[in-house]
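Colleague: I am new to this one. Please walk me through the terms as we go.

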Amino acid sequence: IVGGTIAAIQSHPWMAAIFWNGRRPTERVFHCGGSLISSCWVLTAAHCLPDGFHTAAQTLSVTLGKNAINETDVTKEQTFQVEEVIIHPEFDNSEGNFNNDIALLRLQAIKGQCAQESGSVRTVCLPPANRALRTGTSCEIAGYGKEEEGLWYNSQYLRQAKVELLAHDICSDKEYYGNMITENMFCAGKPDWSQDACKGDSGGPMVCEVDNRISLFGIVSWGEGCSRAFRPGVYTTVTKYNRWIEENCLSS
Ligand code: 4AZ
């Protein structure tokens with residue numbers, strides 16, 4: 001996150017940190033963000049997962065309730081192995097724009113339980129199907145990604161920032177991203193380009209408050225660099241996938 005502030009996990013209790021498993025449990029490597037949408041399911045970006053990757057056995061793990069990437073707080077955190085990875089069948093990066101950039105991870109239950117609700121762990125609501133938000137709506141993003149483009153290290157702590165939704169026709173202008181923006185994506189940024197998602201925030205949540213309720217409207221997907229003028233962050237439009245999410249999450 002560029003230009004944001006340190007966030008307490010209690011303010012983003014659906015935040016999931018996705019790791020590659022190392023040889024030892026202490027050697028996990030942080031990889032992407034995600035959002036807890038039900039006790040056993042995390043929504044993330046398809047591009048966070050390698051090509052043709054369908055079984056995650058022993059490969060990925062997810063920690064919920066995490067404030068700091070390199071510290072463990074056993075009083076808040078819940079860690080699960082990933083039992084199943086479902087990548088959207090139409091995920092496509094052949095045009096270099098991560099179309100349909102959405103995937104589901106199923107957490108492996110421990111003694112019959114996946115995530116347990118606490119002050120630091122909670123599911124996020126999904127917005128109603130096809131609910132559109134007005135241009136200019138301010139939404140919140142969170143992640144453990146880089147604080148500036150080009151840094152070689154991620155943020156040590158969870159960070160948050162506010163960005164505003166951009167109109168589709170503006171973001172598709174040739175000054176912006178031209179024909180890279182499909183109907184399954186939207187752009188968001190600050191008018192002064194001061195806040196943005198960055199590398200390592202991918203897969204993580206964009207939440208917006210609508211009708212006094214916070215819902216997951218976007219998944220951090222891509223962008224050219226971070227906080228560059230006319231290069232806003234690009235997000236997967238979650239409301240396009242209500243059916244796909246329900247069909248797949250019910251299958252367990
Ligand atoms: C990335 O590489 C990435 N500025 C994520 C978000 C943005 C750029 C890059 C948006 O994961």
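Colleague: Which residues is Asn97 in contact with, leaving aside its neighbours within four places in sequence?

Modeller: Asn97 is in contact with Asp92, Met180, Thr182, Met185 and Trp222, leaving aside its neighbours within four places in sequence. Contact means heavy atoms within 4.5 Å. A word on the source: this is a predicted model, where local features need pLDDT of at least 70, side-chain atom pairs count only at pLDDT 80 or more, and totals for chains, interfaces and linings use all residues. Residues are numbered from 1 along each chain as its sequence is written, and side-chain values use heavy atoms, with hydrogens and water left out.

Colleague: Why is Asn97 called buried?

Modeller: Buried means under 20% relative accessible area, exposed over 50%, and partly exposed in between (1.4 Å probe, protein chains only). Asn97 has 5% relative accessibility, so it counts as buried. Asn97 sits in the loop between strand S6 (78–87) and strand S7 (103–107). Strands are DSSP runs of E with at least two residues; helices are runs of H or I with at least four; both are numbered from the N terminus.

Colleague: What makes Asp211 exposed?

Modeller: Its relative accessible area is 64%, so Asp211 is exposed. Asp211 lies in the loop between S11 and S12. Its phi is near 50 degrees, a positive value in a residue other than glycine.

Colleague: And why is Phe230 called partly exposed?

Modeller: Phe230 has 35% relative accessibility, so it counts as partly exposed. Phe230 is in the loop between S12 and strand S13 (233–237). Phi of Phe230 is near 65 degrees, a positive value in a residue other than glycine.

Colleague: How do you know that Asp101 is buried?

Modeller: The relative accessible area of Asp101 is 0%, so the residue is buried. Asp101 belongs to the loop between S6 and S7. Not counting residues up to four places away in sequence, it touches Thr44, Ala45, Ala46, His47, Phe91, Ile219, Ser221 and Thr236.

Colleague: What makes the link between the side chains of Asp101 and Ser221 a polar contact?

Modeller: A polar contact is a pair of N or O atoms within 3.5 Å; within protein, one must be able to donate a hydrogen and the other to accept it, and residues adjacent in sequence count only if both atoms are side-chain atoms. The contact joining the side chains of Asp101 and Ser221 is 2.7 Å.

Colleague: Why is Thr44 called buried?

Modeller: Thr44 has a relative accessible area of 1%, so it is buried. Thr44 is part of strand S4 (residues 41–44). A polar atom of its side chain lies 2.9 Å from the backbone oxygen of Gly33. Beyond four places in sequence, the contacts of Thr44 include Ile18, Leu49, Asp101 and Ile219.

Colleague: How do you know that S2 and S3 pair?

Modeller: Two strands pair if DSSP finds at least two bridges between them. S2 and S3 have six bridges, in the antiparallel sense.

Colleague: Why is strand S9 (residues 159–165) called largely enclosed?

Modeller: Five of the seven residues of S9 are buried, so the rest of the structure largely encloses the strand. Strand S8 (residues 138–143) pairs with S9 in the antiparallel sense over six bridges. Gly143 has Arg159 in S9 as its bridge partner. S9 and S10 pair over two bridges, also antiparallel.

Colleague: What makes a space a pocket rather than a cavity?

Modeller: On a 1 Å grid over the protein atoms alone, a cavity is a set of points where a 1.4 Å probe fits but cannot get out, and a pocket is an open set with protein on both sides within 12 Å along at least five of seven lines; lining residues have an atom within 4 Å of a point. The largest pocket is lined by 28 residues, with Lys146, Cys198, Lys199, Gly200 and Ser202 nearest its centre. Strand S3 (29–38) and strand S12 (213–222) each supply at least two residues of that lining.

Colleague: How many residues line the second largest pocket?

Modeller: The second largest pocket is lined by 19 residues, and Ala132, Leu133, Met185, Phe186 and Thr237 lie nearest its centre.
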